[in-house]
Amino acid sequence: MDQKQQNVLLVVATVVLLIASWALFWPPAERITQGLDIQGGLSVILTAQETSDTAVTAAVMDRAELIVINRVNGLGVKEATVQRQGSSSLLIQIPGIDDPEEALAVLGETGRLEFVDVDSITDSATVAAIRANEPDVELTAGTYSPISVDGVALTGGVVRTASVSQNPQTAEIEVNVSMTSDGAKAWGAYTTQSIGKQVAIVLDGVVKSAPVVRSAITDGQTAISGGFTADEAKRLKTVLETGALPVSLVPEESRVVGPTLGQDSLRQGVLAGLIGLGLVCLYVLVFYRGLGLLTVGALVTFASFFLGVLAVMSRVGVFALTLPGIAGIVLTIGIAADSSILILERFREEIRMGKTVRSAANSGSKHGIFTSIDADLVTLVSAAALYFVAIGPVKGFALTLMIGILCDIGMMMLFKRPSLMLLAESVIPKAPALWGVPKPVEKAPSAKGSKGGVAGA
Amino acid sequence: MLNIDFMGNRKIMFAISAVLLAVSIGSLAVLGLEFGVEFQGGTAISVVDGGDVTTAQMTKAFEDAGIEAPNVQTTEAQGVAGFIIRTSETDPKAAAAQVAEVAAAVKLPGDAFQVTTIGPGWGANITNRALMALAISIAAILLYVSVRFEYKMSLTAVVAVVHDIAITLGIYALAGYEVTPNTIAALLTILGYSLYDTIVVFHRIKENTQHLQKQTFMQMANESINEVIVRSMNTTITSLIPVLVMLFFGGETLRDFALALSIGLFVGAYSSIGVAAPLYAIWKETEPKYAALRKKYAGA
């Protein structure tokens, strides 16, 4: 295959890819997944806190992740995602949420439920406070432990299901716990022997209620009251049913974005991108005339490839467009224009040095591409460092920047070089002025080996 | 072909850079940088469309919600007045509750508020990661340019990059702009980007070095710059256009990036020609081969 055939083939391949890209990304609003800062919603990073009792191991995180997923599902939201970040954090993203406060409460609550015999608490001041019916008495770790019968500890682990109801007598909202058979047996054995004793129902170290045992409870049904509001009771139900987190998860970074706000930002970002693209095209057309047209083609090709790749990545679920991501895209418009200009300048320069249009197109585009790739690789190194090391939203910026740079390199190889060479075959030499191509220097005497065309310093 | 005597005027360019650097370092030392909540922990609440709410009303609403001395600033995006409020709240649940209270008090819909809460330990984490990314970037670039070109190029290129970053940060300190993680990301990008220009110039110098004769290294370097200056100007302009558009039309988050990028691109374009190339040429002329050429052809 000669060079020309090869170039024709590459241009045909570009056209095919262009059509494929458009088919993939159009309409972009549906085909490109929007990140949370654009869709609106809650994005929160929860980090497991290591304590002396519990190390944050992979197994612990697996369990915590599962529980968090169940709790998110319990919120009744659609399309929420939970992802592991690093070794000890979870990123939870819930689009379009109405009540972020509620969600944060459910997600972050450790949910460690314990039934504690008040007599067994070693801290007398606390015992007195419980006896005096003070609300929300906090227990100090180490001064108490849950009731344990035959090796079965009465904790959240014995909860099978939970439901919310209103006590007809007191009108108080209660969470009814139904225990597993082991739990029911232990609870039954304990209550049979302990009539008249006070049991503290402790959630995350806080006494929710401290009822007195009036009769033996053998059916494994127990109501937890504690001045709950309906929302709190519902939350407790979810937390109890999904089980206690093996570690406490602390929100490190939380972002709440209203849905209209995100769409406004998206509109501004797209507008900025389009105006930027338009002005760059205008500039190269004015400056490079016909060759500018080639650059416009290159930019359109680049943008189409880019969006096509983003659409494919969205489809397989590895990409969501965020605002920092848009900044990365806008920046790569400049990068793509740059590489295009590098090739054109080199091409024009080689003509000025006395080469024919045809051979200038060949060697000019080759050298231009080498220079661009050098420059692209350096930017790629920075973007990769940012992507792999930094945390938070800037990752989105680094990601689009990297993809953009790769699309730029692809565009140069597939479209820019072959189409310049094809045009140089016949079209450009016919009307050099129209194409903004300079007149070659007339037979520089020793053009070879010197920097021809440069006036003496 | 242009023929501007950049190298002959290198002392002027060095002087400009020295003054800019002195001012930047001075402002960094005296005024310091204002870091966003991401670095310190706390809550940032932004309201893009503040309606008719005044700063006094907004401040009072936050005070009534139990926040002492909220930092309320006004913003403007495309003619719409809004607010950014910063508080020291590090618990997102509490922050959400406060915002709900404020929203009710100032009669704005709850979804007009964008709330970012960062825990106290997280900021240090973000800062460390950012610094690590910076260090890795610089090291990787040094290595790349050393392998691809030579170490004298890579060191002078890095000097130019440090120059760009120092001046950009200096402007941030001087103008009191807030430094966010986005600013850091933009700075890192400039690092690569400023090198873009420098590499284009170095590429040409390297090429021309192969047939250097009857000329000093400095003269050849000057010609090399002149050969690529139109291209450098055009690439700088085409890179700046989208970034500037982003600065003016892009909304708050994008503006964060665009500001650092615009300053950095501009300074970066200058430093390739004004700092990196002359430093490199001066260094190269200390090599015996080029020192001899200098003796013979200087002043020619």
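Ala23(A) lies in helix H1 (residues 3-25) of chain A. Helices (H or I, at least four residues) and strands (E, at least two) are DSSP runs, numbered from the N terminus. The model is predicted: local features need pLDDT of at least 70, side-chain atom pairs count only at pLDDT 80 or more, and totals for chains, interfaces and linings use all residues. Residues are numbered from 1 along each chain as its sequence is written, while chains are lettered from A and ligands numbered from 1 in the order in which they are written.

Ala23(A) counts as exposed because it has 11 C-beta neighbours inside 10 Å. A residue is buried if 20 or more other C-beta atoms lie within 10 Å of its own, exposed if 12 or fewer, and partly exposed in between; C-beta atoms are placed from the backbone. The C-alpha atom of Ala23(A) is separated by 8.2 Å from that of Gly308(A), 285 residues apart along the chain.

The largest nonpolar core contains 227 residues. Such a core is a set of buried Ala, Val, Leu, Ile, Met, Phe, Trp, Tyr and Cys residues joined through C-beta atoms within 7 Å. Leu299(A) and Leu386(A) have the most contacts inside it. Helix H9 (residues 259-315) of chain A provides the largest share of this core, 21 residues. Leu386(A) touches residues of both chains: Val394(A), Ala398(A), Ala133(B), Ala185(B) and Leu188(B), not counting residues up to four places away in sequence. Contact here requires C-beta atoms, placed from the backbone, within 7 Å.

Between the chains, 69 residues of chain A are in contact with 70 residues of chain B. On the chain A side, H5, strand S12 (248-257), H9, helix H10 (323-352), helix H11 (357-389) and helix H12 (394-430) each supply at least two residues. H9(A) gives the most, with 16 residues. This side of chain A divides into 44 nonpolar, 16 polar and nine charged residues. Ala, Val, Leu, Ile, Met, Phe, Trp, Tyr, Cys and Pro count as nonpolar, Asp, Glu, Lys and Arg as charged, and the others, Gly among them, as polar.

An open sheet is formed by eight strands in the order S2(A)-S3(A)-S1(A)-S12(A)-S5(B)-S2(B)-S4(B)-S3(B), with antiparallel pairing. Two strands pair if DSSP finds at least two bridges between them. The edge strands, S2 (81-85) of chain A and S3 (71-77) of chain B, each pair on one side only. Twist averages 20° from one strand to the next. S12(A) is joined to strand S5 (residues 113-118) of chain B by four bridges, and the two run antiparallel. Val256(A) has Val115(B) as its bridge partner in S5(B). Within chain B, strands S2 (residues 42-47) and S4 (residues 80-87) pair antiparallel over five bridges. Thr87(B) in S4(B) is the bridge partner of Thr43(B).

In chain A, strands S7 (residues 159-166) and S8 (residues 173-179) pair antiparallel over seven bridges. Val159(A) is partnered by Met179(A) in S8(A). Six residues lie between the strands of this hairpin, where Ala171(A) takes a positive phi near 65°.

Helices H5 (residues 100-108) and H8 (residues 230-242) of chain A pack at an angle of about 35°, with axes 9 Å apart. Axes are lines fitted to C-alpha atoms, for helices over the stretch in contact, and angles run from 0 to 180 degrees between N-to-C directions. Glu102(A), Ala105(A) and Val106(A) of H5(A) meet Asp231(A), Arg235(A), Thr238(A) and Val239(A) of H8(A). These contact residues divide into three nonpolar, one polar and three charged.

Key:
Contact = placed C-beta atoms within 7 Å.
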